[in-house]
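Let's take a look at the pockets in this model and at what surrounds the ligand.

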Amino acid sequence: MKWKANASRTIWIIGASSGIGLALSEQLLKQGHKVAMSARRTGKLGELAGEYPDQECVAPCDVTDRESVQKAVQRVQKCFGHVDTLIFNAGICEYIDDGDVKASVVEKVINTNFVGLANVIEAAKPLLKAHSGVQIAAVSSSAAFLPLPRAEAYGASKAAVSYFMHTLRLAMQKKGISVNVICPGFVKTPLTDQNDFDMPCLISAEEAAEQIIAGLQRDKREIHFPHRFTRFLKLLSALPLGLQQRLTGSLVKA
Ligand SMILES: NC(=O)c1ccc[n+]([C@@H]2O[C@H](COP(=O)([O-])OP(=O)(O)OC[C@H]3O[C@@H](n4cnc5c(N)ncnc54)[C@H](OP(=O)(O)O)[C@@H]3O)[C@@H](O)[C@H]2O)c1
């Protein structure tokens with residue numbers, strides 16, 4: 001369901017300490033919403049919380065640790081009682097070079113980006129009491145649209161997030177809960193600052209946050225941006241695999 005104009009929502013952002021999550025927290029607090037913010041590092045969150053003492057709740061957690069997620073849920077419950085919109089944004093990116101698969105890397109990336117999402121959704125049940133307008137959103141990636149170079153672990157984790165969320169919607173919509181999947185292109189953040197290749201159509205974290213909020217306000221099932229990049233990837237994904245992989249091989253230089 002679309003957000004009611006000028007109504008304050010209670011929003012929990014997991015992965016709020018930098019990049020897209022921090023920009024989302026700043027913009028939502030500025031707009032007057034109540035925002036619970038989670039991450040392992042809480043320094044930045046504490047600073048932001050100080051500026052909006054009546055609207056914020058800092059709930060530290062490591063999404064790979066179910067006990068710590070449970071504690072964060074209890075903290076959010078104590079602060080606000082419930083959540084209208086949950087945004088799972090926590091994520092890490094590690095590449096696989098030259099097909100040299102490291103199971104430990106795959107495990108770490110999948111544990112944070114995908115299993116972490118399931119940990120949070122399971123623990124958050126008491127916060128997400130079905131009432132009209134409840135949303136569960138997860139930040140996936142446009143890397144989930146098609147296989148991209150070196151993204152064996154990261155792309156697989158995000159493809160899992162997208163599949164999981166689109167499937168979860170089938171059950172949740174019967175309960176009146178919306179499920180939103182967010183697929184950004186390249187966004188300038190500490191995560192992408194480590195990339196050693198040219199990133200086409202790179203946008204700022206602030207612009208990404210604006211796009212995400214606009215998409216959630218309209219309750220879009222899939223929020224993808226910037227369109228000039230994500231539409232191109234969607235087009236590529238519709239091509240025969242051989243042709244697609246010849247083109248993507250040169251899209252991101254390995
Ligand atoms: N930047 C891009 O181009 C891009 C594109 C598509 C999708 N995305 C996705 O967007 C999301 C945000 O990424 P970003 O680019 O803004 O990167 P970022 O600045 O590195 O932010 C990642 C956030 O995830 C949190 N996080 C990581 N591991 C965690 C854990 N185990 N438990 C709790 N929180 C954890 C980090 O907090 P702590 O380290 O403090 O825990 C941080 O707040 C990620 O899911 C990423 O995959 C990014």
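## Pockets and ligand

The second largest pocket is lined by Arg169, Gln173, Gly176, Ile177, Ser178, Val179, Asn180, Asp219, Lys220 and Arg221. Keep in mind that this is a predicted model. Strand β6 (residues 178–184) supplies the largest share of that lining, three residues. By class, the lining of the second largest pocket splits into two nonpolar, four polar and four charged residues, and the space there comes to about 170 Å³.

Now for the largest pocket, with a volume of about 1,100 Å³. Of its 50 lining residues, Gly91, Ile92, Cys93, Tyr154 and Leu191 are the closest to the centre. Two or more lining residues come from each of α1, α4 (103–123), α5, α6 and α8 (227–237).

What takes up the space of the largest pocket? That would be the ligand. Its shell draws two or more residues from each of α1 (19–30), α5 (152–172) and α6 (190–193), with α6 giving the most, three residues. There are 30 residues around the ligand, and Ser18, Arg40, Tyr154, Val187 and Thr189 come nearest. The shell holds 14 nonpolar, 12 polar and four charged residues.

| Residue (backbone N or O) | Distance to a ligand oxygen |
|---|---|
| Ile20 | 2.8 Å |
| Gly15 | 3.4 Å |
| Ala90 | 3.5 Å |

As for cover, the ligand taken alone exposes 870 Å², and the protein buries 95% of that.

Methods. Residues numbered from 1 in each chain as written. Predicted model: local features only at pLDDT ≥ 70, side-chain atom pairs only at ≥ 80, totals over all residues. Heavy atoms only, no water. Near = heavy atom within 4 Å. Polar contact = N/O pair within 3.5 Å; in protein donor to acceptor, adjacent residues only side chain to side chain. Areas by Shrake-Rupley, 256 points an atom, 1.4 Å probe, with all protein chains shown as cover. 1 Å grid on protein atoms, 1.4 Å probe; cavity = no way out; pocket = protein on both sides within 12 Å on 5 of 7 lines; lining within 4 Å. Sits in = over half its atoms within 2 Å of the grid points. Helix = DSSP H or I, 4+ residues; strand = E, 2+ residues; numbered from the N terminus. Nonpolar A, V, L, I, M, F, W, Y, C, P; charged D, E, K, R; others polar. Points joined across faces, edges and corners; volume = space filled by probe spheres on them.
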